[in-house]
Amino acid sequence: MNRTYRLLRHRYLPAHWLTLTILIFISGCTLQPVEPERDSPHYTHKNSVPQNLPDLELTGELLFDILVAEFAEDSGNLAVANNKYLSSAYTTRDPRLAKRATQVAIFAKDYVAALAGAQLWVELEPESSDARQSNASLLLLQGQLEQAKPHLIWLLEQDSYSGQRLESLTKLMASAPKDKDAELFPFFEGLTPPPPVTTQWREDILYSTALLAQKRGSNSIALNRLEQLLKLNPDHGKGVQLRAKLWFVGERAADATKSLAEFLQRNPKAFSVRLDYARMLIEARALDEALAQFKELVQQAPRNGDVIYGYGLLAIQSDKLDIAEEQFQNLIHLKVRNAQARQSMGQLFELRHQPDEAISWYRTVPKGQLFFASQLRAAQLIANRDGIEAAQSFLHQIPVEERAEELQIMVTEAELLQLNNQYEEAFKLFSIALKEAPDNADLLYAHAMAAEKIGRIDILETNLKKVIEADPTNVQSLNALGYTLVDRTNRIAEAFEFIKRAYALDSTDPAILDSMGWAHYRMGQHEEALKFLRMAIENHEDGEIYAHLGEVLWVSGDTAAARAMWDAALKFAPDHPVLKKTLERFVP
């Protein structure tokens with residue numbers, strides 16, 4: 001079993017993407033331009049210019065106070081900065097200083113001081129949306145609902161009580177203390193416009209209350225308001241989406257997807273709803289149905305690079321490589337997500353077992369965020385195709401701009417040397433890299449694995465214990481240390497403790513199950529060993545595990561089963577070193 005934890009796992013996507021990768025990407029697909037967070041106290045309108053500024057002479061004393069405030073802010077003494085800004089604002093009646101005092105106090109999380117600044121800011125600039133919003137936010141944060149109400153009403157009036165403004169206010173309201181839930185929802189729903197109250201307002205307030213309830217974890221209230229909303233308007237897209245999301249996380253996934261499918265039958269052009277539907281289908285592992293939805297999304301938005309790229313990723317996950325290739329080629333043609341498309345084409349051709357084409361595509365990835373990772377992957381493929389020397393030559397001609405990239409090349413070369421059984425050379429390169437990054441967990445692990453290959457168990461133990469000390473849940477290091485000590489020393493009881501910790505963190509990993517079995521075998525507990533080793537080989541062909549299971553069967557007296565196990569392993573891993581050594585010991 002290859003127990004070496006791949007250092008490059010962060011630098012390029014593996015050939016087989018996990019569904020999670022697609023879901024994370026899809027959740028960020030661009031639907032429409034996103035405005036800044038208008039409900040944040042830090043939000044400032046681009047054209048927000050204070051009106052009626054005081055006509056003041058910049059005296060020496062005032063200049064001194066402002067300089068002290070700025071110096072204190074720059075040096076991190078935010079309390080002094082806030083005090084000076086606020087006192088200067090009281091003296092000058094300048095709203096800009098009150099605003100700055102508010103912002104500094106918010107950054108320092110001194111919300112009492114921030115509220116004092118915000119109240120002065122509103123007094124000096126009552127028509128400022130920023131000032132009103134900051135006041136409302138800080139009052140709500142401190143549970144002062146009634147005091148916040150005039151500011152919330154003012155904000156609603158600026159947009160004629162629009163649904164968009166209501167939705168924005170839910171983010172402010174969500175910051176209220178949890179013990180205010182009983183009064184928060186009636187308070188929010190009481191922010192009604194002057195009569196007559198329209199049907200549109202009823203829909204907006206029901207949806208926004210549901211949104212607020214969801215943000216505060218009150219899903220039952222959210223669903224109650226959504227049911228009322230959808231009785232008024234069954235085709236309220238946002239309401240249908242939010243209800244489906246709540247159902248999906250509330251173990252009603254089938255109801256969630258069904259509701260979206262029915263909505264889309266009535267509203268086939270509802271783009272964001274279809275995107276949510278596709279996401280839920282992916283999470284439910286209904287990949288073919290999700291592909292159909294993405295096909296429709298691409299037809300509706302043929303130049304949306306995010307959707308096209310998501311369709312390509314999903315097609316790869318579904319092993320529909322021709323569809324994936326069409327999407328990535330389309331992105332290249334559109335000159336959208338060009339680097340990602342080219343890297344994905346390299347990965348696609350790897351899946352097709354066409355390394356020449358994969359290398360060519362990786363080499364076309366332009367300079368930028370993905371360039372370096374793509375070149376390193378090309379080097380690995382070159383090593384497989386042409387040998388280690390060709391790969392080294394390619395690595396050494398990759399242009400680098402910083403020392404970190406040189407270290408990445410060094411680590412890649414070390415990994416390739418290790419795969420080529422040149423363990424001493426690999427160990428030397430890992431050692432050089434580790435000197436420059438002595439606390440890097442990946443390097444410590446790789447260096448440990450190289451040390452094991454040259455018999456330096458002491459270095460392996462030192463490195464892995466350092467990793468575990470920094471991260472007690474590092475399951476790879478726990479398992480590797482435990483297994484190595486079980487296999488290579490007589491410190492079985494100590495080693496078993498590390499393996500048990502790894503098993504407690506992940507009881508399904510075949511490598512950990514193998515370690516558990518091998519530890520029981522070394523302790524003479526053959527029945528327990530067989531139990532874990534049989535669990536390890538379920539749906540997992542690995543020469544080392546088969547060698548271990550065969551050995552335990554042999555010493556337990558079942559030589560026929562042992563031979564059958566080894567014969568099976570020889571068919572898929574004839575050159576596995578552990579298997580070969582085991583056969584030399586038992587079947588010379």
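How are α28 and α30 oriented to each other: roughly parallel, roughly antiparallel, roughly perpendicular or oblique? In this predicted model, the two helices pack at an angle of about 25 degrees. Angles under 35 degrees count as roughly parallel, and α28 and α30 are therefore roughly parallel to each other.

**Helices α28 and α30**
- Helix α28 spans residues 510-522 and helix α30 spans residues 543-555, and their axes lie 10 Å apart.
- The crossing of α28 past α30 is left-handed.
- On the α28 side, the contact is made by P510, D514, W518 and Y521.
- On the α30 side, E544, I545, H548, E551, V552 and V555 take part.
- Sorted by class, the residues of this contact are six nonpolar, one polar and three charged.

**H548, a residue of α30**
- H548 is located in helix α30 and is one of the residues through which that helix touches α28.
- The relative accessibility of H548 is 3%; buried means under 20%, so H548 counts as buried.
- Apart from neighbours within four places in sequence, H548 is in contact with Y483, D514, W518, L533 and V578.
- Among these partners, D514 and W518 belong to the α28 side of the helix contact.

**Helices α6 and α8**
- The axes of helix α6 (residues 129-141) and helix α8 (residues 163-173) come within 9 Å and cross at roughly 40 degrees.
- Q133, A136, S137 and L140 of α6 meet R165, L172 and M173 of α8.
- This contact comprises four nonpolar residues, two polar and one charged.

**Nonpolar cores**
- The largest nonpolar core contains 82 residues, and F294, F328 and I398 have the most contacts inside it.
- Setting aside neighbours within four places in sequence, F328 contacts Y309, G312, L313, I316, A341, S344, M345 and L348.

**S360 and M345**
- S360 is in helix α19, which covers residues 355-363.
- With a relative accessible area of 44%, S360 is partly exposed.
- S360 and M345 are 15 residues apart along the chain, and their C-alpha atoms are separated by 9.5 Å.
- M345 is also one of the residues in contact with F328.

Terms used: Residues numbered from 1 in each chain as written. Predicted model: local features only at pLDDT ≥ 70, side-chain atom pairs only at ≥ 80, totals over all residues. Heavy atoms only, no water. Core = buried A, V, L, I, M, F, W, Y, C linked by side-chain atoms within 4.5 Å. Buried < 20%, exposed > 50% of the residue type's maximum accessible area, 1.4 Å probe, protein only. Contact = heavy atoms within 4.5 Å. Axes fitted to C-alpha atoms, helices over the stretch in contact; angles between N-to-C directions. Helix = DSSP H or I, 4+ residues; strand = E, 2+ residues; numbered from the N terminus. Parallel < 35°, antiparallel > 145°, perpendicular 65-115°, else oblique. Left-handed = near helix turned anticlockwise from the far one by under 90°. Nonpolar A, V, L, I, M, F, W, Y, C, P; charged D, E, K, R; others polar.
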